[in-house]
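Thanks for coming, everyone. I would like to walk you through one protein model, so please have a look at it before I go on.

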Amino acid sequence: MESRQDILLELNEITSSYKFLDVIVKLCDLNFNANINDLPSRDTQKLLNINEIVFLLGLWLKNKSRESYIISSIADTAKLSNKLMNDLHYSFYEGNITPDSEEEFKASMVNGSSLQETIFYSGTGAYDYQYVQNFKLKYGLDKLWLLENKKFSVESVLDFFTFFKAIFHYRINVKKLKGDMLNTFTYCKKSFIFERYPEFYTIIKDLAIDLEGTFNQDFNSIGDANIFSYKPVLETKTDFIIPLPYMLAEAIYESPFYWMLEDENYKSIAFENRGNSAEKIVKHELSKVFPLEAIHTNVLVKKNRGNTITDIDVCIKYDDALIIFQVKSKKLTQLSKQGNSAQVKKDFQNAVEDAYDQAFKCYEPILNNTVKLVDKDFNILIETESIKKIYSACIVLDSYPPILAHSRIFYYENEIVPIAMSIFDLEMLTTYLESPSIFIEYITKRTELSKYFLADNELSYLKYYLNTGLKMPEDADIVYLNNNFAQYFDHDYYLKLITINERRFPQFIKGIGRNQSCFCGSGKKYKTCCAAIM
């Protein structure tokens, strides 16, 4: 096999053609477009993931103007690209030897290359509609800043994404575009939808890259900063191209925070609002399962008025159980994505380890009834006498796909591996664990069996619990749950998300005139385009 450096050189070469964009959309079609009923059974091990396609787009943005590679066949170049990306993945394992000792095994887990692999080749960590449905909660406290500085409302974001995702499905399933796949992802600026909803045009412009520019000149490897990650719309003079609708949702969810950080007068407010919003979303999710009186926020753990042991972001007191949720608005930094092991450790500490330590600090004093759980005015919020068991979970505001892998790595020697998940994982739990007793049982078993069940994502644990109650097989010392368990939700949950949101599609186009530019974004008049279909 070629070395990683040689593979990257070859990838840079084949992306040095403007026509490689056609290769990318071909790869998007092959790897991501599938019948919703087929999603649970797809062999994802044989498919490229989102990060791999984003990486190819990053190289293309860097190299497109060189025009040094001649593409004679889109299909053949797509096949070659797929092979090279697979070779690149295998290069992370090449030369690995079987550790001779426990020390060598631990060292192999925390080296930069291994950690970089866990980050880049993890799953997406959320469904696209989860991002946009949570947008209003995440940025509700910043709605005036967004309206004044970006000229769109927080309420318009879900409609914006729903329309473009629905149009994408319409083109594939109803209009059944033939031939040039690029048309499936291209939207003419001259469109009825931009006339009716000018905010949609404002949002898409904020997320667009003008293809006449030069980008990503320092983009060389999988961990490097890639402009496409936060500007996933390609803009020409006449059109917008959205090769990966999923990335549009992720960028919508993450980008506004960075826009606000550029405003020196608002920066500190943005940080404060981010933390408050994270706790608000957690409370919102828990209220789907627990009565509001059982949910408490900003709880101080005090020995007396002047002696605070720690604080709890969000917690549930139900029967004799207390479940603590420490909420962090941290995420992986660019240096971590580049394979810097010290930075990965630091990022994990900020996102999970500190939260877990903060929660664990109050276990003993609460169980021993030597502290009070109060608000800032020393009013009792929760009586500790009835608390007989305590569990905790670390919740992060943004997607952190390798969070379980990193928890296993950094808590390898511990008897208990902390439960760590994203807001989006919590949303899945509150959707499927519909009663307080079931939810508490899940958290209990996840904690007590954390050393014996291994999975790459929380959804695998959740599905195995739904199937078996998270029961340990009699003949097993350890159980590995592969991604097939998580794929169940690709149909059962995601189909509901699509149905709930995209059934609103007709309201977006209601009243379009025959001589107006068609809603589908073709650039043609409605009467000569989609009127006969609708």
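What you see is a predicted model, in which local features need a pLDDT of at least 70 and side-chain atom pairs count only at pLDDT 80 or more, while totals for chains, interfaces and linings use all residues. Residues are numbered from 1 along each chain as its sequence is written, and side-chain values use heavy atoms, with hydrogens and water left out.

The protein chain has an average pLDDT (the predictor's confidence in each residue, from 0 to 100) of 91, and 96% of the residues score at least 70. Confidence is lowest in helix α5, residues 102-109, with a mean of 55, and highest in strand β3, residues 233-235, at 98; helices here are DSSP runs of H or I with at least four residues, and strands are E runs of at least two.

Turning to the interior, a nonpolar core is a set of buried Ala, Val, Leu, Ile, Met, Phe, Trp, Tyr and Cys residues joined through side-chain atoms within 4.5 Å, where buried means under 20% relative accessible area with a 1.4 Å probe, protein chains only. The largest such core has 164 residues, and those touching the most other members include Leu234, Phe325 and Phe439. Helix α13, residues 245-261, gives the most to this core, with eleven residues. A second, separate core has 15 residues, among them Val299 and Ile390.

Finally, helix α10 (residues 156-175) packs against helix α23 (residues 494-502) at about 105 degrees, with axes 10 Å apart, the axes being lines fitted to C-alpha atoms over the stretch in contact, and angles running from 0 to 180 degrees between N-to-C directions. The two helices are therefore roughly perpendicular, a term for angles of 65 to 115 degrees.

How values were computed. Buried < 20%, exposed > 50% of the residue type's maximum accessible area, 1.4 Å probe, protein only. Parallel < 35°, antiparallel > 145°, perpendicular 65-115°, else oblique.
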